[in-house]
Amino acid sequence: MLVKYRNFVQKTKSVSRYFHVESNASGNSSSSVDKKVAIFWDLDNKPPNSFPPYDAAVKLKLAATSFGYVRYMVAYANRHAFRHVPQVVREERKERKLLNQLENKGVLKPVEPYFCRVCGRRFYNNDKLVNHFKQIHEREQKKRLNQIDSAKGKRRVNLVAKYSMKMNKYKNASRDVLTPKVGYGLADELKRAGFWVRTESDKPQAADVALRDHMVEMMDRRKVECLMLVSDDSDFVNVLKEAKLRCLKTVVVGDINDGALKRVADAGFSWREILMGKAKKEAVSVLGQWKDRDVLKKLEWTYKPEVDNKLYYSDDGLDVESEDEGADDIIDGVGADRMQNEDAGAWWELH
């Protein structure tokens, strides 16, 4: 019975060893995939001005998945960052305004009608679609919100469950129809991509301090094993150095080719590489370098005096004190006769 149990244990060990070595479809080992990754986005320093916020956030998350499992996605900014409208968005709004004027005059007619994504009605004029959306669907949305705010307890829960589908449908449709009053929908677009957006006061360096504290807190609690920082601000150099001292992997996303952050971090990419998918391809070589570095660290010799002394003193049951006592006997002449008797014969005569 005991022999059968040992054979079963050996078989299970061999099977588990094969499963441990097995890699996923992307070519990364299971240990690299299991690493928890956290994305920290400094929106004040690196906003997605020339790219749609939602697309940039999705591409950023896709690149981060190459280094492990994305557990946290955080974005910090001051209030003025959400009020700012990029030049690209301003030009698009001007073009849309000019097209609306031409459509109202009858000079231009759209090739395909405008569809209302809530009720499905068709319009051949964008202004008519906007007016329809505001007069009907926006009023219905306000009524739903007022009912939920006025209700309490179980009735509130039932109303939220009842209107959740309609409210999500309205939010998705309002992004394309209604122009946001503040900024250009940066916070909403990042939240839609899964980011946790935090707005700080307009005091200088308020968002940077909050973001730095959040990163240190994550390291103290050991919640992540890889940090991805989206910024070019050199104030975060000390945080990256601290992360490397704690054996965390660091990745920086920024536009500066040879910035201070990229010199400290383990890997660095630009926005263009993130959006083109080049960062995801290069992540394979970066993971290989990290793996080789970890293997070399394990092979490094380290001096541990407690372990070395224990092995030295306990070797074959001998200790230094016994050797010292034997030396004292020889010096005192106690063992001199013994040495003479042993050396009495010729050296080639063996006992």
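Start your tour by selecting α9 and α10: their axes come within 11 Å and cross at roughly 5 degrees. (Axes are lines fitted to C-alpha atoms, for helices over the stretch in contact, and angles run from 0 to 180 degrees between N-to-C directions.) The two helices, α9 and α10, are therefore roughly parallel to each other; angles under 35 degrees get that label, over 145 is roughly antiparallel, 65 to 115 is roughly perpendicular, and the rest are oblique. Helices here are DSSP runs of H or I with at least four residues, strands are runs of E with at least two, and both are numbered from the N terminus.

Now show the side chains between them. Arg 212, Met 215 and Met 219 of α9 meet Val 239, Glu 242 and Ala 243 of α10, where contact means heavy atoms within 4.5 Å. Sorted by class, the contact of α9 with α10 has four nonpolar residues, no polar ones and two charged ones. For the classes, Ala, Val, Leu, Ile, Met, Phe, Trp, Tyr, Cys and Pro are nonpolar, Asp, Glu, Lys and Arg are charged, and the others, Gly among them, are polar.

A quick word on what you're looking at. This is a predicted model, in which local features need pLDDT of at least 70 and side-chain atom pairs count only at pLDDT 80 or more, while totals for chains, interfaces and linings use all residues. Residues are numbered from 1 along each chain as its sequence is written, and side-chain values use heavy atoms, with hydrogens and water left out.

Zoom out to the whole chain. You'll find 16 helices and eight strands. Of the 351 residues, 34% are buried (under 20% relative accessible area; exposed is over 50%, partly exposed is in between, with a 1.4 Å probe and protein chains only). Among contacts between residues at least 6 apart in sequence, 63% join residues at least 24 apart.

Arg 222 sits in the loop between α9 (206–220) and β6 (226–230), and Cys 247 in the loop between α10 (237–245) and β7 (249–253). What is the phi of Arg 222? It is positive, about 55 degrees, although Arg 222 is not a glycine. Cys 247 also has a positive phi, near 65 degrees, and is a residue other than glycine. Most residues other than glycine have a negative phi. Arg 222 is exposed, with a relative accessible area of 74%, and Cys 247 counts as exposed at 60%.

Now select helix α6 (residues 126–150) and helix α7 (residues 153–177), whose axes come within 10 Å and cross at roughly 155 degrees. That makes α6 roughly antiparallel to α7. Colour the contact residues: they include Leu 129, Phe 133 and Ile 148 of α6, and Leu 159, Tyr 163 and Met 167 of α7. By class, this contact of α6 with α7 has twelve nonpolar, four polar and six charged residues.

Follow the chain past α7 to Pro 180, in the loop between α7 and α8 (186–192). Pro 180 is partly exposed, at 33% relative accessible area. Leaving aside neighbours within four places in sequence, Pro 180 is in contact with Arg 93 and Gly 185.

Last stop: Asn 100, in helix α5 (residues 87–105). Is Asn 100 buried or exposed? Asn 100 is buried, with a relative accessible area of 10%. Beyond its neighbours within four places in sequence, Asn 100 is in contact with Asn 126 and Asp 127.
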